[in-house]
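Trainee: Before we look at anything in detail, could you show me how to read aromatic rings and their surroundings in a model like this one?

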Amino acid sequence: MAAWLDHIALYTDLYELTMAQGYFREGKADQRACFDYFYRTPPFSGGYVVFAGLATLLEILEDLHFDAASLEFLKEQGFDADFLARLSEFRFQAEIRSPPEGTLIFPYAPVLQVRGTLLEAQLVETLLLNLVNFQSLIATKASRMREVAGERLLVDFGLRRAHGFGGLHASRAAVVGGFDATSNVLAGMHYNIPLSGTLAHAWIQSFDREIDAFRTFAEHYGDASVLLVDTYDTLKSGVPNAITIAGELRARGHELKAIRLDSGDLAYLARRARKMLDDAGFPDVKIAASNNLDEHVIRSLLVDQQAPIDIFGVGTQLVTAYDDPALGGVYKLATLDEVPRIKLSDSLRKMTFPGDKQVFRIRDAEGQFYADAVALDHQTHVERIHHPHEPHKEVDISQLDQELLLQPVMQHGERIGTLHSAFEARAYCRQQLAQLPAEHRRFHNPHLYKVGLSTALRDQRDEAVARARKHLSDRPT
């Protein structure tokens, strides 16, 4: 793993380097640029995204460079010697502005800006999109599970089903979105996440009798013992044997921590197991459940079926974002040498917002999130916002509370202050969700959150469109 991390500057698409060499050849490499990161459609048919991946990105950018082996590889691909000499001296020196990790973000509003030379801003595009899109996607999925699980324990069990080493970042992002622990040992060490795990069917099958497998495990792990009860027959064998072991542990001054259900009708089995444990005098033994869980299954178990489950181990559906496996975040040039730049499209939805910008989070009189206002960078207050795609829609926000979202988190290639840990970002995310009205959090047909343009930005966009179209009409025939 360490070997390819040594060449992390090559973790990019070829066209980033091809364009960078072109900028260098044309004398454009040192022009000042601003790029915006944003997304257009929330995943999971939801109403928001949890911003995540910032700490990972900045950690890599601080030491981003092209080592000798990387430069030799690029030479073999046909890149120019003078361009490679420039890359040999490359260090990321740009400014990055963003909100804290755990912030709720909404369609079309810029959430991360890179301000630096055109060369360096272009070279980090793929890395930025890869890290922020993926972690934000997984954090959003995790937040939906936290929404329905309440205060019950959520554990990431997904490493074996994750997409390669993406499992490391998935475990971190799961915590940002609301999870409590992980089975991923490397994530536990690197991100200081509590570890949680039980045992597999193989342990039980390796013994001639289930009771012996349980007894031996409990002798080794005592109060930490969680027994998997569905290897043979959950209610006739697994739970009764677990109760026997719970009694033996208690006789030695210990308590069985939990049993785990991993197959069958989880709600039915949990209710029966709970009654058996309670009747035997073990009301504090927890019931854990796993097996293809997601937010919809968890809600059905807890809300529709009133299943007495205390712990949920979630794997595949979490770390692969199974039902919507990609966040379509994009990275677009907004300014070059102080000139606003725009991407035209036949659809207003695909046009970009030109120029250096700031985003204001607007709260209503109760302190709840009401709208985001995308404004020009020099604006300190926004009177009115205009729908970015339906020009006849506008809202007066002049009397509402307005908070600046985009703050410097990196300057001259160095992090500013202390970044949120995964658990600090989780706490911030929970605060944010508490301030988002329920109609935006619901799973089915969530209410669309308002994101609008300030009057000044709307006018600047319209002027940029007119200039671009004039250039098109001026083309020689």
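Predicted model: local features only at pLDDT ≥ 70, side-chain atom pairs only at ≥ 80, totals over all residues.

Trainee: How should I describe the way the rings of Trp 203 and Phe 217 are placed?

Mentor: A pair of aromatic rings is described by the distance of the centres and the angle of the planes. For Trp 203 and Phe 217 the centres are 5.7 Å apart and the planes stand at 75 degrees, which means that the pair is edge-to-face. The pair links distant parts of the chain, since Trp 203 belongs to helix H10 (residues 201-205) and Phe 217 to helix H11 (residues 210-221), 14 residues apart. Ring pairs also bring Trp 203 and Phe 217 together with Phe 207 and Tyr 221 in a cluster.

Trainee: How many aromatic pairs are there by this rule?

Mentor: The count comes to eight aromatic pairs. One of them is formed by Phe 66 and Phe 90, edge-to-face, with 5.9 Å from centre to centre and 70 degrees between the planes. Here too distant parts of the chain are linked, with Phe 66 in the loop between helix H3 (54-61) and helix H4 (68-76), and Phe 90 in the loop between helix H5 (81-88) and strand S3 (95-98), 24 residues apart. Phe 66 is buried at 6% relative accessibility, and Phe 90 is buried with a relative accessible area of 6%.

Trainee: Which charged residues lie over the face of a ring?

Mentor: Arg 144 lies over the face of Phe 443, at 4.2 Å from the ring centre, and Arg 361 lies over the face of Phe 369, at 4.7 Å from the ring centre.

Trainee: Turning to helix packing, at what angle do helix H8 and helix H16 cross?

Mentor: The axes of helix H8 (residues 166-177) and helix H16 (residues 422-434) cross at roughly 35 degrees and come within 6 Å. On the H8 side the contact involves Arg 172, Val 175 and Val 176, which meet Ala 422, Phe 423, Ala 425, Arg 426 and Cys 429 in H16. By residue class, the contact of H8 with H16 has six nonpolar, no polar and two charged residues.

Trainee: And which side chain does Asp 13 join in a polar contact?

Mentor: The side chain of Asp 13, a residue in the loop between helix H1 (2-5) and helix H2 (14-25), is joined to that of Thr 126 by a polar contact of 3.0 Å. Asp 13 is partly exposed, at 40% relative accessibility.

Note on methods. Residues numbered from 1 in each chain as written. Heavy atoms only, no water. Phe/Tyr/Trp six-rings, centres within 6.5 Å; stacked < 30°, edge-to-face > 60°. Helix = DSSP H or I, 4+ residues; strand = E, 2+ residues; numbered from the N terminus. Buried < 20%, exposed > 50% of the residue type's maximum accessible area, 1.4 Å probe, protein only. Lys NZ or Arg CZ within 6 Å of the ring centre and 35° of its normal. Axes fitted to C-alpha atoms, helices over the stretch in contact; angles between N-to-C directions. Contact = heavy atoms within 4.5 Å. Nonpolar A, V, L, I, M, F, W, Y, C, P; charged D, E, K, R; others polar. Polar contact = N/O pair within 3.5 Å; in protein donor to acceptor, adjacent residues only side chain to side chain.
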